[in-house]
Amino acid sequence: MKSDIIILGHGSGGKLSHQLLDDVIIPRLSGLPQRDQNDAAVLTHGGRRLAFTTDSYVVDPIFFPGGDIGDLAVNGTVNDLAMSGARPLYLSVGLILEEGLPIVDLERILDSMKSAAAAAGVTIVAGDTKVVPRGKADKIFINTAGIGVFDHDFDIRGSGARIGDKILVNGAIGDHGMAVLAGREGLDLHSEIKSDTAPLHELVAELIAGIGTGLHVLRDPTRGGVATTLKEIALQSNVDLTLDETALPVNEAVRGACAILGLDPLYVANEGKLLALVAPEAAEDALALMQRHPTGKGAAIIGEVSDASTGRVYLRTAIGGLRAVEMLAGEQLPRIC
C-alpha cells in the first residue's frame, strides 16, 4: 500500500515503515543497503570500534503500567547499542515539551530517566529542551542518542544469520504493547499486565562472554513485534526462518487480552526482550545462560534457520501446519514507544 501523505502506519515498524525508509529517507540521506541497516552504526576512531544510535519516543500515554516515557527512552537506547554487541556508555537527551505539561509530570519523568541511566551504568552527557505551543505536540516527546564501545572484535548484525542457527527469545512476548494499550484505553483486563521495559546490556555481555562468536544476530523486537523483527533478519541474511508456535512464551494474561481484542502476540511490541540467533552447538549454553539472568528467566528456543534462502519466515502451528509470517502490514498499535 502506497500513500502520498504520512499516515500512522508509517510509524508501525512494519511494511509501511520500511517503504518510507527504503523509498524516501535512506536514498536521500545515506544510501545504506538493507543488509547493513542495524540498531546502531558501527564507527572506528583511534583504532577503537564505537557504536552510535538515536531514537525518539512518542508513547501515549506517557505513564503506563510498569514504566513511563522516561525509562522507556533510556532503556530503548541502551538496548539499541547492546543489540550491536556494544557496551553502552553515554546518552544525550532532547526534550520537546508541550505548553501545559505539569512540572510535576516532567520531574517524575526526569527522575525515571536518572534511575534508568544509573541502573544501566550510562551517563547522560548532553541535552536540549524546546517548548511548543499547546496543541502542537502531545505532552512530551523525547529524543535520545547513545554511544557505546566494543570490548570484542567480532560482528553481531542482522545479516549474520546462518543455516542451522537456533532462534532464542529471553522471555514472554507482548507485555509492553498490551500494558500501553490497557493504560491508553483504560481497559480493565482483570489482570495486571506490566511493560517489560528493561536494559538488556548485561544479558548481552554475558552472552558474548559465554558463547562468543557463536552469537550471530541480536535484535530487540519492539515496534512490529517478534514477527516483523524476524522477517527483517530473514531478508537481511537471505535465509528462511521457522518458528515453533508451541515454544513461543506468552503470558496467559497477554494471550487472553490479545484473544479478546483480536491481536496476535507475534506482532505486539516488546521493550525488554531480545531475539538471539546462535550457532546450533551453542544454543543450549545460550539458553541456560539466559535463564540464569534476571532478564532472561523465561527464555526459550523458539525456532531455527532452515536451509532455504528466500527471506521467508514460517510458523509451524500447534496442529502441525505451516503458515507464512509477514511484516506488520499496517498499524496494530500506534505510538507504542
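Predicted model: local features only at pLDDT ≥ 70, side-chain atom pairs only at ≥ 80, totals over all residues.

Visitor: Is β9 enclosed or open, and how many of its residues are buried?
Guide: The test is a relative accessible area under 20%. Strand β9 is largely enclosed by the rest of the structure, because the residues that are buried number five of the five.

Visitor: In β11, which residue is the bridge partner of Arg219?
Guide: Strands β9 and β11 run antiparallel and are joined by four bridges. In β11, the bridge partner of Arg219 is Leu275.

Visitor: In β12, what is the bridge partner of Thr242?
Guide: Strand β10 (residues 241–244) and strand β12 (residues 300–305) run antiparallel, with three bridges joining them. The partner of Thr242 in β12 is Glu304.

Visitor: Why do the buried residues of α7 line one face of the helix?
Guide: In α7 (residues 252–261), the residues Val254, Ala257 and Cys258 are buried. Seen down the axis of α7, the buried residues line one face, because they fall within an arc of 100 degrees.

Visitor: Which exposed residues does the face of α7 turned away from its buried side carry?
Guide: The cover over the buried residues of α7 includes α4 (175–185). The face turned away from that buried side carries the exposed residues Glu252, Ala259 and Ile260.

Visitor: Which residue follows α7, and what is its phi?
Guide: Helix α7 is followed by Gly262. The phi of Gly262 is positive, near 75 degrees.

Visitor: How much area do domain 1 and domain 2 bury between them?
Guide: The domain assignment gives domain 1 (8–149) and domain 2 (165–325), and their C-alpha centres lie 21 Å apart. In contact across the boundary are 30 residues of domain 1 and 26 residues of domain 2. Carbon and sulfur atoms account for 55% of the buried area, which is about 2,300 Å².

Visitor: In domain 1, which residues lose the most area to domain 2?
Guide: The residues in question together make up 24% of what the domain 1 side buries. They are Pro65, Asn79 and Met83.

Visitor: Is Thr77 buried or exposed?
Guide: Thr77 is found in helix α2 (residues 69–82). Leaving aside neighbours within four places in sequence, its contacts include Thr53, Asp55, Tyr57 and Leu91. With a relative accessible area of 1%, Thr77 is buried.

Visitor: How far apart in space are Ile163 and Val239?
Guide: Ile163 lies in the loop between β7 (140–149) and β8, and this residue is exposed, with a relative accessible area of 53%. Beyond residues up to four places away in sequence, Ile163 touches Val305, Ser306 and Asp307. Ile163 and Val239 are 76 residues apart in sequence, yet their C-alpha to C-alpha distance is 7.3 Å.

Methods:
Residues numbered from 1 in each chain as written. Heavy atoms only, no water. Buried < 20%, exposed > 50% of the residue type's maximum accessible area, 1.4 Å probe, protein only. Helix = DSSP H or I, 4+ residues; strand = E, 2+ residues; numbered from the N terminus. Arc of directions from axis to C-beta. Contact = heavy atoms within 4.5 Å. Pairing = 2+ DSSP bridges. Domains from an automatic or database assignment. Buried area = accessible area lost by both parts, 1.4 Å probe.
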